[in-house]
Each structure stands twice: as structure tokens, then as C-alpha cells.
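Here are a few friendly notes to go with your first look at this protein. Please keep the structure open beside you as you read, and take the points in order.

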Amino acid sequence: MRTTASFGVLLGIALGAAPAHAQTATVGKYDVKFEDVSTNCTTQKLTYRPTVMEVKAKGATITVDLDLTPLMVGTPQKNGKLSAKSKPGNTMIDGMQGVFSVAGKVGADGTVSLVMVAEYSTKGKALCSQSWNVTGTKQK
């Protein structure tokens, strides 16, 4: 799928643990909104409303938590860059599983700009994929 291939390049590979200051720069709660970018889903696609995204750090790992989305786990990188991916988990649509990934950057001013991709399946059979631009600001 074109979306998945493009996202794979964007996601990259984390080469090691980031310094502690990189973690603290991205950790926190963000008020985010979602803009549909692309989908090849014909009937069942997810729609996200503005919500709170929480980024937590534990050791050399970060988690990205969005309501109604499987927990995404990753490694903080330099310059506020962030990437994380979930294991297969339930979605808002009964019977549909999804693997979710985010990649992007948290600015020094507390703004966040990410691309989120979901790859859906049912009973182990691939269905479709969907992507969003996720933007927002860090809560004070």
C-alpha cells in the first residue's frame, strides 16, 4: 500500500536511547485534533474528534496514549522527534483490529505535529489503512 510505504520511510529506525532531556521535552498532555489525509477503506473508517494525547516516559521508552486507540510504544529521539507503534488491538469498530503508528515532532514551543497511520484487519486478514495529520499544543 502506498500509504504504508511512505509512512515506513517517515517512521525510520530509532538507533538508541535518547538523552533524558529529549524525553522530558516530549512528555506531557497535548490537546490534539485530527485531519484526514488518506484512506483506502471503503466502508469502515475511523473518525477522531479533538482529544487529549498523553506522552509518558519510562526508562528509554515512551508511550503515546490516545483514547480508543491501542497504546503506542517507542523511543524518543533527538530534537523532539517522536515515533511509536502499537501492537494489534481493538478499534472503535466491533470486530476490527488495528495497528497504529505515529511519527513526527514536538516543537520547543510545545506544539506537536505528527502523522498517524492505522492498518486494519479482521480475523488476521488485512482490510485497509488510513492516515491523519495530528496537530496540537501541550497543556500547561
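1. Buried residues account for 38% of the 140 residues in the protein. Please keep in mind that this is a predicted model. As for the surface, the protein exposes about 8100 Å², and 53% of that is supplied by carbon and sulfur atoms.

2. Next, the overall layout. You will find 2 helices and 9 strands in the protein.

3. Now to the cysteines. How many disulfides does the model hold? The count comes to 1 disulfide. Cys41 is joined to Cys128, with an S to S distance of 2.0 Å. The pair counts as a disulfide because its sulfur atoms lie within the 2.5 Å cut-off. The link of Cys41 and Cys128 is right-handed, with 95° about the S-S bond.

4. Where do the two ends of this link sit? Cys41 is in the loop between strand 1 (28-39) and strand 2 (51-58), while Cys128 belongs to strand 9 (residues 125-138). The two cysteines are 87 residues apart, so the pair links distant parts of the chain.

5. Are these two cysteines buried or exposed? Cys41 has 7% relative accessibility and therefore counts as buried, because buried means under 20% relative accessible area. Cys128 is buried too, with a relative accessible area of 8%.

6. On one side of the story, strand 1 and strand 2 pair in the antiparallel sense over 5 bridges. Strand 2 also runs antiparallel to strand 3 (residues 61-66), and 6 bridges join these two.

7. Which residues stand opposite Glu54 of strand 2? Lys29 is one of them, and in strand 3 the bridge partner of Glu54 is Asp65.

8. Finally, have a look at the turn of the hairpin formed by strand 2 and strand 3. There are 2 residues between the strands, and Gly59 takes a positive phi near 65° in this hairpin.

Terms used: Residues are numbered from 1 along each chain as its sequence is written. This is a predicted model: local features need pLDDT of at least 70, side-chain atom pairs count only at pLDDT 80 or more; totals for chains, interfaces and linings use all residues. Side-chain values use heavy atoms; hydrogens and water are left out. Helices (H or I, at least four residues) and strands (E, at least two) are DSSP runs, numbered from the N terminus. Buried means under 20% relative accessible area, exposed over 50%, partly exposed in between (1.4 Å probe, protein chains only). Accessible areas come from the Shrake-Rupley method with a 1.4 Å probe; for residues, only the protein chains shown count as cover. Two strands pair if DSSP finds at least two bridges between them.
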